[in-house]
Amino acid sequence: TTGAVAGNTSAFANAITGNYYALRSAKWYTYWKFKTGASVADVRYWIGNFSGDPSATDDLTTIPAYAFAVRFSTSAGDSTFKFVTATTTAGNTATVTDTGVAVAASTLYHVEIWTDGTYGYCQINGGAIISSITNVSALSLSGNYAGLLKLTTLANAAKTFNFYKFAYEQN
């Protein structure tokens with residue numbers, strides 16, 4: 001549950017205690033299982049793999065971040081999840097691809113994000129596989145990354161989500 005002040009966050013992050021993982025290969029897989037709260041109005045969800053904290057932004061241009069993630073943000077005008085890939089420094093543009101998966105309140109989602117060594121992919125609830133045009137080889141393989149599911153309230157109202165599972169594999 002977030003606080004009841006706009007900008008407050010609630011998160012699952014495997015990096016809370018410093019448990020970042022270092023990518024040693026350009027081939028990896030992550031799985032997320034979570035349920036949205038009773039309201040998806042005035043929220044920003046980020047689900048995925050990051051080298052920086054994305055909670056204060058919709059587009060990743062304000063933080064130096066490598067990311068393969070899924071976003072839903074009402075401040076960005078989203079009605080569906082977006083697959084966002086970035087191999088950026090602050091000021092660069094991320095690639096945003098519509099998944100076509102509508103976001104609804106109190107709904108369970110299974111999000112898979114992976115790379116094949118060249119490109120990134122995502123799949124939500126077993127639907128269509130969405131590919132990115134961001135080349136994985138541009139990632140800094142010596143950097144530290146965190147698996148993150150972060151909810152930010154964009155209004156003065158507390159928001160909730162239920163987190164069930166995170167899994168990470170690397171080839």
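Predicted model: local features only at pLDDT ≥ 70, side-chain atom pairs only at ≥ 80, totals over all residues.
Ser 106 sits in the loop between β7 (95–102) and β8 (108–115), and with a relative accessible area of 43% it is partly exposed.

Now centre the view on Phe 34 and show its surroundings. Not counting residues up to four places away in sequence, Phe 34 touches Tyr 45, Ile 47, Phe 81, Thr 107, Leu 108, Tyr 109, Val 111, Leu 149, Asn 162, Phe 163 and Tyr 164. Phe 34 also belongs to one aromatic cluster, together with Tyr 45, Phe 72, Phe 81, Tyr 109 and Phe 161.

Which residues touch the most other members of the largest nonpolar core? Within this core of 22 residues, they are Phe 34, Tyr 45, Ile 47, Val 70, Phe 81, Val 111 and Ile 113. To see where the core draws its members from, colour β3, β4 (43–50), β5 (66–73), β6, β8, β9 (119–124) and β11 (144–153), the elements that each give two or more residues to it. Another core, of 9 residues, lies apart from this one, and Leu 60, Ala 69, Ala 94 and Leu 148 are among its members.

Next, turn to the aromatic pairs, of which a search of the whole structure finds 8. Select Trp 32 and Phe 166, whose ring centres are 4.4 Å apart and whose planes meet at 45°, so the pair is tilted. This pair links distant parts of the chain, since Trp 32 is in strand β3 (residues 28–36) and Phe 166 in strand β12 (residues 161–170), 134 residues apart. Trp 32 is buried, its relative accessible area being 0%.

Then select Phe 81 and Tyr 109, where the ring centres are 5.0 Å apart and the planes stand at 85°, so the pair is edge-to-face. Here too distant parts of the chain are linked, with Phe 81 in strand β6 (residues 80–87) and Tyr 109 in strand β8, 28 residues apart. Are these two residues buried or exposed? Phe 81 counts as buried at 0% relative accessibility, and Tyr 109 is likewise buried, with a relative accessible area of 2%.

As a last stop, select Lys 33 and Tyr 164: Lys 33 lies over the face of Tyr 164, at 5.8 Å from the ring centre.

Key:
Residues numbered from 1 in each chain as written. Heavy atoms only, no water. Helix = DSSP H or I, 4+ residues; strand = E, 2+ residues; numbered from the N terminus. Buried < 20%, exposed > 50% of the residue type's maximum accessible area, 1.4 Å probe, protein only. Phe/Tyr/Trp six-rings, centres within 6.5 Å; stacked < 30°, edge-to-face > 60°. Lys NZ or Arg CZ within 6 Å of the ring centre and 35° of its normal. Core = buried A, V, L, I, M, F, W, Y, C linked by side-chain atoms within 4.5 Å. Contact = heavy atoms within 4.5 Å.
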